[in-house]
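Please take a moment with the sequence and the 3D view before reading on.

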Amino acid sequence: MMSNWLTAAVCAAALVTVPMAAHAQDIVIAIGSEPTTLDPHAADDGGEKAVNDNVYETLMTRDADGNLDLGLAADWPMQIDPTTWEFTLRPGIRFHNGEPLNAEAVVFSVERMIDPDLNSEQLSYYSTLAGAEAVDELTVRILTSGPDPILPARMYYFMIAPPGASTHEDFAEAPVGTGPYRFVSWDRGSEIVLEANPDYWGDVPAIDGVTYRFIEESGTRLSALLAGEVDLITNLLPEFMEQVPQAASQRGLEHPIVILNADDGVTADVRVRQALNYAIDKEAMAAVLFEGAAQVEQGQLLGPTYFGFNPAITAYPYDPELARTLLEDAGALGEEITLVSTAGRWLKDREVTEVVAGFWQAAGMDVDVQIYEFDEYLTRLFDRETRAEAIFVVSGNELLDADRSFSAYYSMDGFGASNSFTELRDWIDQARTETDLPRRQALYHEAVAFAHEQAIMAWLLNINNIWGMSARLQWQPRVDGKMFVSTMSVTE
Amino acid sequence: MSRFVVHRLWQGVIVVFCVVVVVFVLTRLIGDPVRVMLPLEATADQRALFEAQLGLDRPIWEQFLVFVGDAVALDFGDSLWQRRPAMEIIAERLPATLILTFSAIGLAVVVAVPLGILAALKPEGLFDRVVVLVSLIGLSVPQFWLGLLFIVLFAVQLGWLPTSGRGGVEHVILPALTLAIPAMTRIIMVVRSTMMDELNRQYVKTLRAKGLLEWQVVGVHALRNAAVPVLTLCGWELIRALSGYTVVVETVFAWPGLGLTAIQAIERQDLILLQAIVFVTAIIVVAVNLILDIVYKAIDPRIELKAA
Amino acid sequence: MSQDVDLPAASTVEPVKVEPAADGLRAEAPLAERRAESIWSELLADIPGLLGAVFLAALVIVALFAPWIAPHDPAAQNIILRLRPPVWMDGGSWAHILGTDHLGRDVLSRILHGSRISLLVGLGTVALAGGFGVLIGLIAGYAGGRTDAFIVAVVDIQIAFPGLLLALMILAVVGPSTMTVIVVLALNGWMVYTRITRSIVLGLRHTAYVEAAEMVGCRPGRVLWRHLLPNLASPLLTLATLEFARIVLAEAALSFLGLGVQPPATSWGLDVAQGKDYMFRAWWLVTFPGIAIALTVLAINLVASWSRVTSDPLEREKRFARRIIGSPGLRARMLAKGPS
């Protein structure tokens with residue numbers, strides 16, 4: 001009886017026609033978590049970013065493919081000495097409350113971000129930020145503690161706040177920016193409403209108003225989309241791309257990998273590490289587990305548009321025979337290998353882990369899968385003394401620059417690295433402060449090739465972000481996953 | 001009466017104190033909030049600073065005294081997750097839970113009492129059997145599953161009601177119904193059996209013999225005598241729902257109440273918020289208990305002073 | 001958890017009826033046999049109760065022999081064969097009668113194995129909470145005085161606790177597992193047993209035959225064993241059955257919230273939680289485990305409502321009376337024989 005209902009419901013869901021919302025130019029977006037604050041500088045929080053990306057603006061921006069472009073900056077920044085970058089601002093821009101956007105606002109924002117009292121969760125993105133000084137009304141210099149070649153890329157995330165409004169007590173609840181949308185209301189636990197900014201300096205957006213709803217459960221978000229209550233949902237499971245009125249899938253920033261221990265255990269032998277790469281059928285994983293909404297990671301923990309990407313290096317092909325031969329040569333057939341992972345933290349983390357284990361088992365290893373609760377899992381990830389042979393992790397890289405991923409997972413000093421290759425660390429350290437771009441690029445190319453040859457990890461996939469959309473919404477998603485409402489429109 | 005209230009009040013204070021002790025013991029057993037809350041790249045200094053902020057570096061007895069003091073002052077500090085006072089978050093979320101609970105119990109009573117009475121009129125009759133069977137089924141279906149079914153049926157397929165979240169009256173209906181069903185079935189059972197007992201009593205026969213209309217006999221006299229056990233049960237249903245039984249329904253329907261907040265706090269290892277929720281819930285439960293006791297006593301003075 | 005069949009306050013709502021243990025003093029074999037016979041015939045007469053009992057018996061067999069009955073290893077995955085529908089739908093096959101889940105695991109095998117967790121947690125909790133609760137209740141009722149007052153106070157305080165939230169907190173702190181679930185649910189449930197046991201013992205202590213037994217010098221252990229326990233047996237059995245139904249639902253709900261049984265172990269509640277994300281693509285993932293939970297709890301409730309009627313003399317008389325009124329043939333026979 002119940003199953004009939006459900007069957008009927010599934011059919012109905014597939015055929016569902018989406019009723020139009022009350023105002024044709026207002027849309028509703030369902031996001032996975034409510035912002036903890038709307039202070040643009042305090043939290044490292046996806047919900048906050050989803051909203052504030054439309055309220056605030058940054059000096060630099062990116063196009064949909066991830067190429068750096070000009071934002072509030074009128075011209076490309078100049079590096080006037082190794083630790084100083086000079087930006088000029090577009091003239092005549094005002095914050096929603098009328099304060100002018102000028103050098104003072106940028107200086108204020110920088111100082112606010114690095115103020116120890118704010119204790120910002122975002123500081124890890126701006127670790128080199130040392131201060132700022134105004135040159136004139138529209139020229140500002142940003143100072144770094146050491147040479148920082150990727151400061152412009154960092155500025156893509158750095159929101160500029162008005163000095164006046166941000167000292168108000170309610171600034172964290174009522175944001176004031178320069179962006180195409182301005183804040184209207186925040187009903188805690190239920191929704192945040194923004195409306196188009198009629199005085200916006202750029203093109204006036206097509207959507208008049210946007211309401212954000214917070215729905216944690218992905219199944220509930222999907223129900224809301226199918227019932228026509230919302231226009232856009234985040235993190236749609238690949239399985240439902242057929243069911244929703246429209247689905248948009250775009251290469252994202254998440255790279256699931258398995259760190260292999262090059263120092264200890266059966267994986268200390270490079271042949272074993274290579275074999276473990278050859279043993280995994282990445283294409284099948286992308287096709288079946290992610291239903292096509294994932295790309296095979298090209299053996300370097302970088303997407304093709306990231307700085308440092310080495311086009312000469314490609315993924316280890318799926319070659320189970322070669323894997324077996326290599327394991328045999330290394331005398332590792334039937335040896336035990338421990339694979340540590342967690343569940344529920346990243347998209348299909350458990351599934352990916354189990355599938356990897358299955359491939360390794362098939363290649364002739366005795367795989368012991370240990371899935372821990374996140375807290376416990378972190379203990380094992382941080383413990384450099386006794387590391388498992390294999391640890392599953394998902395690396396995200398918002399700066400689209402090799403430094404962030406490599407410092408964490410390639411360099412022997414990184415928290416997620418399981419190797420002692422001093423040369424690899426030295427290249428990465430040099431590149432971090434190398435301001436000559438071709439030389440920096442070359443250092444990363446070398447690091448990528450070396451790490452690939454040494455198989456310091458099993459590179460798996462680059463997962464797509466998937467959005468579910470109502471039939472009327474027109475939008476092209478972006479590689480960085482940002483949902484700029486100004487780039488959306490609705491038909492009718 | 002006042003002795004009774006004082007006694008119950010005192011008992012309530014003891015209950016709340018015990019909850020505080022249990023919560024304290026539990027939170028100090030947990031793994032390591034410091035590690036979970038800070039980003040992966042945090043330095044040892046940042047960790048130490050954070051530990052000091054939470055007061056985890058002080059001796060345990062000192063931590064306990066501070067904890068009890070905070071509880072008395074209703075101030076548990078800032079939620080780790082939202083970085084603002086935990087009590088502020090609770091103040092925002094509590095109304096949602098109260099609305100959901102009262103609508104659900106109200107709905108349960110309104111539906112269950114007439115059904116229970118009608119079933120009792122003809123014991124073992126067709127209607128009675130159907131009511132009993134349906135009640136048993138209602139009691140047996142897991143709530144989270146029922147909620148999912150309602151969403152699929154009434155929200156997605158028929159499009160009558162919203163799928164989730166809080167808004168107008170239409171948003172309350174599905175979660176309240178889901179929460180109400182088990183309570184409803186229990187109330188039906190009790191109304192039915194007490195009414196059957198009452199209708200078998202001598203006074204009912206006398207009244208009928210006197211020529212009173214059946215609805216007067218049943219609806220006025222028998223019902224009045226059956227009121228106390230039924231009211232007691234309704235009170236218990238209310239307390240039970242308030243004491244955390246809304247968690248499942250709030251999770252399924254993304255209803256932003258205390259229960260959902262508790263689950264979110266657990267997922268984010270936000271112990272400060274979680275302990276504040278447990279504490280506030282304990283106070284509410286004790287308070288509602290006290291109010292109900294006074295109400296019962298007002299209705300029926302025969303109730304023992306020191307109700308068990 | 002959200003649907004207790006009987007709440008802790010049940011004892012205040014429905015006062016426990018004490019059946020004087022007429023045969024407690026002289027438990028002779030023929031009488032016991034006759035009793036068993038009449039229970040059997042009453043069960044046969046109660047069709048829903050009988051169906052419930054049969055279902056439960058089948059469930060126990062399935063749980064005991066799950067590894068031999070289940071067609072597949074419940075944890076064996078095959079991502080190529082994921083999200084296959086049940087056999088009667090397009091794309092289904094006899095290899096996976098109820099289809100496969102998002103990891104390509106066999107749904108039927110998972111349900112068969114899931115019965116083990118439900119029964120294990122149910123029995124474990126009832127045994128733990130019941131054993132502890134009855135013991136404490138006996139002590140309270142028998143010792144009286146300060147001990148009794150103390151126990152009553154503890155029970156009162158714990159009943160006023162926001163039990164579910166504390167349970168969630170314990171699970172969050174200690175870490176969820178099958179064992180923790182049992183302990184947490186038992187911590188939340190022992191008070192009911194204590195209350196009922198205590199009230200029955202108090203009621204019996206001053207009956208003539210217990211006082212007589214004490215006077216002739218019976219040791220307390222003997223009094224408890226021979227005179228009190230037989231009277232406790234049937235109300236406690238009913239309570240335990242109802243609690244069992246509550247626990248099965250509670251375990252499913254905890255697992256659904258992610259705070260109960262942890263993968264790779266299987267549980268019906270966990271399966272519903274995992275299948276929920278695929279609800280609109282693979283309805284069978286939430287439907288079948290949900291039905292399994294509902295049927296199991298319904299079966300327990302049917303047995304409980306039958307046994308409540310059977311073990312409660314007042315209820316039994318009422319039913320007997322109704323049956324006589326309802327059936328002329330039976331009435332005639334009864335009149336001829338006289339009520340037993």
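What follows is a walk through the chains, their confidence, and the places where they meet.

**Confidence first**

Keep in mind from the start that this is a predicted model. For the complex, the predictor reports an ipTM of 0.84 and a pTM of 0.79. Chain A has a mean pLDDT of 88, with 95% of its residues at 70 or more. For chain C the mean pLDDT is 77, and 77% of its residues reach 70 or more.

Helix α1 (residues 10-13) of chain C has the lowest confidence in that chain, at a mean of 34, while helix α4 (residues 107-143) of chain C has the highest, at 90. Over residues 1-29 of chain C, pLDDT stays under 50, and for this stretch the model has 71 contacts beyond four places in sequence. Chain A has such a stretch at residues 1-23, where pLDDT stays under 50 and the model has 34 contacts beyond four places in sequence. Where pLDDT is low, the predicted coordinates should not be read in detail.

How many helices and strands does chain B have? The secondary structure of chain B consists of 13 helices and 0 strands. Along the principal axes, the C-alpha atoms of chain B fill a box of roughly 85 × 55 × 30 Å.

Where chain B meets chain C, 55 residues of chain B are in contact with 50 residues of chain C. About 4800 Å² is buried between chain B and chain C, with 77% of that on carbon and sulfur atoms. On the chain B side, B:F144, B:W145 and B:W236 lose the most area to chain C, and together they account for 13% of what that side buries.

What about polar links here? Between chain B and chain C there are 0 salt bridges, and the count of residue pairs in polar contact is 3, both partners being at pLDDT 80 or more. Several helices of chain B give two or more residues to the side that touches chain C, among them α1 (2-29), α8 (169-199), α10 (214-245) and α13 (271-299). The largest share, 10 residues, comes from α1(B). Sorted by class, this side of chain B has 39 nonpolar, 12 polar and 4 charged residues.

**Chain A and its contact with chain C**

Chain A also touches chain C, with 23 residues from chain A and 17 residues from chain C taking part. The area buried between chain A and chain C is about 2000 Å², and carbon and sulfur atoms give 65% of it.

Which side chains form the salt bridge between these two chains? They are those of C:R281 and A:E291, at 3.4 Å from N to O. The interface of chain A and chain C has 1 salt bridge, along with 2 residue pairs in polar contact, both partners being at pLDDT 80 or more. On the chain A side, α1 (2-15), α5 (218-226), α7 (282-289) and α9 (349-363) each supply at least two residues. The classes on this side of chain A are 10 nonpolar, 6 polar and 7 charged residues.

**Inside chain A**

| Part of chain A | Residues |
|---|---|
| Domain 1 | 2-37 + 179-245 + 470-490 |
| Domain 2 | 60-167 |
| Domain 3 | 252-464 |

The C-alpha centres of domain 2 and domain 3 of chain A lie 34 Å apart. Their contact takes 12 residues from domain 2 of chain A and 13 residues from domain 3 of chain A. These two domains bury about 1100 Å² between them, 61% of it on carbon and sulfur atoms. In domain 2 of chain A, A:Y125, A:P149 and A:I150 lose the most area to domain 3, together 42% of what that side buries. There are 0 salt bridges between domain 2 and domain 3 of chain A, but 2 residue pairs are in polar contact, both partners being at pLDDT 80 or more. The side of domain 2 of chain A that touches domain 3 has 6 nonpolar, 3 polar and 3 charged residues.

Over all chains, the count comes to 34 salt bridges. One of the salt bridges joins A:E195 and A:R182, whose closest N and O atoms are 2.8 Å apart. A:E195 sits in strand β9 (residues 191-196) of chain A and A:R182 in strand β8 (residues 181-187) of chain A, 13 residues apart.

Terms used:
Residues are numbered from 1 along each chain as its sequence is written. Chains are lettered from A and ligands numbered from 1 in the order in which they are written. Side-chain values use heavy atoms; hydrogens and water are left out. Contact means heavy atoms within 4.5 Å. Buried area is the accessible area (1.4 Å probe) that two parts lose on being put together, summed over both. A salt bridge is a side-chain nitrogen of Lys or Arg within 4 Å of a carboxyl oxygen of Asp or Glu. A polar contact is a pair of N or O atoms within 3.5 Å; within protein, one must be able to donate a hydrogen and the other to accept it, and residues adjacent in sequence count only if both atoms are side-chain atoms. Helices (H or I, at least four residues) and strands (E, at least two) are DSSP runs, numbered from the N terminus. Ala, Val, Leu, Ile, Met, Phe, Trp, Tyr, Cys and Pro count as nonpolar, Asp, Glu, Lys and Arg as charged, and the others, Gly among them, as polar. pLDDT is the predictor's confidence in each residue, from 0 to 100. Domain bounds come from an automatic or database domain assignment.
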